[in-house]
Amino acid sequence: MITISLDDFLSDGILIESKFREKIAKTDWKKYKNEKVLIKGCTSAPVPTWAYLIVASNLTPIVRKLYYGESCSAIPIFQKH
């Protein structure tokens, strides 16, 4: 399972919406094609719910399965049929 941490989308330790959206736009989502992906639930800074939703919306057309949380207790949120 591949883990995505929203820490990778922070700027100087905080989420700045304009920079977050730039990083989202530049991310090569195709590398997650048909993979099982976990969006890690914990970050080093507070992250609004909409940021997780943006990441999930970019992944759902591509991944085989999408999870949220921690690897030891991942919650399935999407599965391609």
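This section describes the strand pairing, the nonpolar core and the aromatic contacts of a predicted model.

Strand β2 (36–40) and strand β3 (residues 65–69) pair in the parallel sense, over five bridges. Within this pairing, Lys40 stands opposite Gly69 of β3. Tyr67 has Pro76 in β4 as its bridge partner. Five residues separate β3 from β4, and the two strands form a hairpin.

The largest nonpolar core holds 22 residues. Trp29, Val55 and Leu59 touch the most other members. The largest share, six residues, comes from α2. The buried residues of this helix are Ala51, Tyr52, Ile54, Val55, Ala56 and Leu59. They pack against β1 (2–4), α1, β2 and β3. An α-helix has 3.6 residues a turn, so residues three or four places apart point the same way. Val55 illustrates the packing in detail. Leaving aside residues up to four places away in sequence, Val55 touches Ile4, Leu6, Phe20, Ile24, Trp29 and Ile39. Such grouping has a general counterpart: in soluble globular proteins, nonpolar side chains tend to be buried together.

Aromatic rings provide a further set of contacts. The count comes to four aromatic pairs. One of them joins Phe9 and Phe20, with ring centres 5.9 Å apart. Their planes meet at 65°, over the 60 degrees required, so the pair is edge-to-face. This pair links distant parts of the chain. Phe9 lies in the loop between β1 and α1, Phe20 lies in helix α1, and 11 residues set them apart. Phe9 has a relative accessible area of 8%, under the 20% limit, and is therefore buried. Phe20, at 0% relative accessibility, likewise counts as buried. Trp29 and Tyr32 form another aromatic pair, which is tilted. Their centres are 6.1 Å apart, with 45° between the planes. Both Trp29 and Tyr32 are buried. Phe9 and Phe20 also belong to one aromatic cluster with Trp50.

Terms used:
Residues are numbered from 1 along each chain as its sequence is written. This is a predicted model: local features need pLDDT of at least 70, side-chain atom pairs count only at pLDDT 80 or more; totals for chains, interfaces and linings use all residues. Side-chain values use heavy atoms; hydrogens and water are left out. A nonpolar core is a set of buried Ala, Val, Leu, Ile, Met, Phe, Trp, Tyr and Cys residues joined through side-chain atoms within 4.5 Å. Buried means under 20% relative accessible area, exposed over 50%, partly exposed in between (1.4 Å probe, protein chains only). Helices (H or I, at least four residues) and strands (E, at least two) are DSSP runs, numbered from the N terminus. Contact means heavy atoms within 4.5 Å. Two strands pair if DSSP finds at least two bridges between them. Rings of Phe, Tyr and Trp (its six-membered ring) pair if their centres lie within 6.5 Å; planes under 30 degrees apart count as stacked, over 60 as edge-to-face and the rest as tilted.
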